[in-house]
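Work through the exercises below with the model open. Each task is followed by a worked solution.

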Amino acid sequence: QVQLVESGGGLVQSGGSLRLSCGASGNIFRINAMGWYRQAPGKERELVAHNSSGRTTNYADSVKGRFTISRDNAKNTVYLQMNSLKPEDTAVYYCNAEVAPWSWSRYLEVWGQGTLVTVSS
């Protein structure tokens, strides 16, 4: 069983910064892609940032230039550095990963429980 645990959310003023962390634990042979999604009240979950095997990264247009995704593969951890935060960034942020629990298994999609980010104006 694989778990993703996020941390780092909270309340911040507009223009401020937060750093989210997401660590994977459990039975892990290999992790492929890792990413961050968010869901604001009354809206659908959307992609924020995505990193594919540590090489290719892509961002939602709304966060380009402000957010940075990074990974520490030795720690099975992904980070999201969020700068110049805006009230419209307020949402629950979810970590997502493609994890192969064993050498012979296919990749499974795993989600974290989410961490709330609130940006006040």
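**Exercise 1.** Is strand 9 largely enclosed by the rest of the structure or largely exposed, and how many of its residues are buried?

Solution. This is a predicted model, in which local features need pLDDT of at least 70 and side-chain atom pairs count only at pLDDT 80 or more, while totals for chains, interfaces and linings use all residues. Residues are numbered from 1 along each chain as its sequence is written, and side-chain values use heavy atoms, with hydrogens and water left out.

Step 1. Locate the element: strand 9 covers residues 91-100. Strands (E, at least two residues) are DSSP runs, numbered from the N terminus.

Step 2. Apply the accessibility classes: buried is under 20% relative accessible area, exposed over 50%, and partly exposed in between, with a 1.4 Å probe and protein chains only.

Step 3. Eight of the ten residues of strand 9 are buried, so the strand is largely enclosed by the rest of the structure.

**Exercise 2.** Which strands pair with strand 9?

Solution. Two strands pair if DSSP finds at least two bridges between them.

Step 1. Strand 4 pairs with strand 9 in the antiparallel sense, over eight bridges. Arg30 has Ala100 of strand 9 as its bridge partner.

Step 2. The bridge partner of Val92 in strand 11 is Leu116.

**Exercise 3.** How many aromatic pairs does the structure hold?

Solution. Rings of Phe, Tyr and Trp (its six-membered ring) pair if their centres lie within 6.5 Å; planes under 30 degrees apart count as stacked, over 60 as edge-to-face and the rest as tilted.

Step 1. There are two aromatic pairs. Tyr37 and Trp111 have ring centres 5.0 Å apart and planes at 65 degrees, so this pair is edge-to-face. Because Tyr37 lies in strand 4 (residues 30-39) and Trp111 in strand 10 (residues 108-111), the pair ties together parts that are 74 residues apart in sequence.

Step 2. Trp102 and Trp104 form a stacked pair, at 5.1 Å centre to centre with 5 degrees between the planes. Trp102 is partly exposed at 40% relative accessibility, whereas Trp104 is exposed at 67%.

Step 3. Trp111 is partly exposed at 32% relative accessibility. The charged end of Arg45 sits over the ring of Trp111, 4.6 Å from its centre. The criterion is NZ of Lys or CZ of Arg within 6 Å of the ring centre and within 35 degrees of the ring normal.

Definitions and conventions. Helix = DSSP H or I, 4+ residues; strand = E, 2+ residues; numbered from the N terminus.
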